[in-house]
Amino acid sequence: MSHHIVELKDVTYTYPDQTEALRGLSVRITHGESVAIVGANGSGKTTLLSHLIGVLFPTSGSINIGGYPVTKKTLPHVRRAVGMVFQNSDDQLFMPTVYDDVAFGPLNLGLPPEEVDARVIASLTTVGALHLKDRTPYRLSGGQKRSVAIATVLAMDPCILVMDEPTAGLDPAARRQLINLLKTFEHTKIIATHDLDLVLDLCARTVVLSAGTVIADGPTLDIFNNEELLNKAHLEKPFRMQGCPICHPPKR
Ligand SMILES: Nc1ncnc2c1ncn2[C@@H]1O[C@H](COP(=O)(O)OP(=O)(O)O)[C@@H](O)[C@H]1O
Ligand SMILES: [Mg+2]
C-alpha cells in the first residue's frame with residue numbers, strides 16, 4: 001500500500017431502519033497525521049469509523065485507504081493497514097487468555113509461531129500489560145481491558161490506528177498512561193472522542209461532525225477557540241483552555 005492516505009468522498013450511510021447517519025461526508029487524512037473526530041452524541045462518529053475497517057460500506061460515495069477502495073474484496077488489505085480499537089473492549093476480547101487474544105490476529109496472518117510470540121510479548125509490554133498475559137480477559141478491570149484491546153491491535157502492526165472513545169470509562173491514571181502511549185505511536189491516528197483535553201494533547205487537527213456531515217476541519221486550537229462553532233456542535237472548551245476562575249474571576 002502506498003502512503004496510507006485515507007480519503008472519504010461524499011459518503012452517505014443510511015442504516016436499514018432508514019436513519020441517515022452520514023450525509024455527504026468528505027475528509028482526507030494523510031500519513032502520520034493525528035486527527036480527532038468530535039461532535040455531539042449521534043453526530044456519526046462511530047458510523048464513520050466503522051467505514052474505515054469495512055464493518056459498514058457507504059450507501060453512496062467512496063472510501064479509499066492507501067490507494068485501495070474499501071470494498072468486500074479489498075478487506076484483507078484494508079484490515080492489515082487499519083487497526084481499530086472499539087469503544088467497548090468486550091467487543092474485541094473473546095479468547096480464554098490475554099495471550100491468546102493478542103496472538104489471534106498474528107496467527108490469522110499465518111506468521112510463524114516465534115514471530116507471533118515476539119509480537120505478543122512486544123505489544124503487551126508496550127501497553128504495560130505483560131503481567132496479565134495468563135489472565136482471563138473478561139475478568140479484567142476496564143482500564144486493563146482497554147490496554148489489552150490496544151495490544152491486540154498493535155500486534156497487527158497497523159499503519160493507521162483508529163480509536164472510538166478511547167478514554168471513556170478510564171480512571172485518571174489509566175487515561176494519562178493511554179495518552180502517553182498514544183504519543184509514542186508515530187503512524188496515522190484517527191480518534192473519535194468527547195475528551196477534548198486528550199485532543200489538545202494528541203491531535204493537531206480536528207474534524208467536527210454534526211448530523212452526519214463535516215461542519216469544520218482544521219487546526220485544533222482554531223476550532224477550540226471558536227465558541228460559536230463549539231456551541232453549534234454541543235461541545236465545551238477543554239478545561240485547560242477555560243482559564244482558572246481564581247486567576248481570572250468573572251467581571252462584576
Ligand atoms: N445500528 C443502528 N441502527 C440504526 N441507527 C443507528 C445505528 N447505530 C447508530 N445509529 C444512528 O446513527 C446516527 C449516528 O450514530 P453514531 O455514529 O453512533 O454517532 P456517535 O458515535 O457520534 O454518537 C444516530 O442518529 C444513531 O442513532
Ligand atoms: Mg459513538
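Directly following helix α3, residue G110 adopts a positive phi of about 80°; helices here (H or I, at least four residues) and strands (E, at least two) are DSSP runs, numbered from the N terminus. This is a predicted model, in which local features need pLDDT of at least 70 and side-chain atom pairs count only at pLDDT 80 or more, while totals for chains, interfaces and linings use all residues. Residues are numbered from 1 along each chain as its sequence is written, chains are lettered from A and ligands numbered from 1 in the order in which they are written, and side-chain values use heavy atoms, with hydrogens and water left out.

Helix α3 itself spans residues 98–108, and its buried residues are V98, D101, V102, A103, G105 and P106, where buried means under 20% relative accessible area, exposed over 50%, and partly exposed in between (1.4 Å probe, protein chains only). These buried residues of α3 pack against α4 (113–126) and α5.

## The nonpolar cores

A nonpolar core is a set of buried Ala, Val, Leu, Ile, Met, Phe, Trp, Tyr and Cys residues joined through side-chain atoms within 4.5 Å. The largest such core has 44 residues, and those with the most contacts inside it are V102, V148, I150, V199 and V208. Helix α5 (residues 142–154) gives the most to this core, contributing six residues.

Leaving out residues up to four places away in sequence, V148 touches L93, V98, V102, A129, L132 and L140, contact being defined as heavy atoms within 4.5 Å. Apart from this core lies another, of 29 residues, with V27, V35, L49 and C159 among them.

L161 is placed in strand β7 (residues 160–164), and L161 counts as buried because its relative accessibility is 2%. Not counting residues up to four places away in sequence, L161 touches G83, V85, V153, L182, F185, T188, K189 and I190. The C-alpha atoms of L161 and I150, which are eleven residues apart along the chain, are separated by 9.5 Å.

H4, found in the segment before β1 (6–14), is also buried, since its relative accessible area is 12%. With residues up to four places away in sequence again left out, H4 touches I29, H31, G66, A81, C159 and I160.

## The loop at T59

T59 lies in the loop between α1 and β4 (60–65), and, its neighbours within four places in sequence aside, T59 is in contact with T12, Y13 and T14. Although T59 and T14 are 45 residues apart in sequence, their C-alpha atoms are 6.4 Å apart in space. The side chain of T59 reaches the backbone nitrogen of T14 at 3.0 Å, a polar contact (a pair of N or O atoms within 3.5 Å; within protein, one must be able to donate a hydrogen and the other to accept it, and residues adjacent in sequence count only if both atoms are side-chain atoms).

## The site of ligand 1

Ligand 1 is surrounded by Y15, D17, T19, A21, A40, N41, G42, S43, G44, K45, T46 and T47, each having a heavy atom within 4 Å of the ligand. Helix α1 (residues 45–52) provides the largest share of this shell, three residues.

Oxygen atoms of ligand 1 lie 2.7 Å from a polar backbone atom of G42, 2.8 Å from a polar side-chain atom of K45 and 2.9 Å from an N or O atom in the side chain of T46. The protein covers 62% of the 560 Å² of accessible area that ligand 1 has on its own, as given by the Shrake-Rupley method with a 1.4 Å probe (for residues, only the protein chains shown count as cover).
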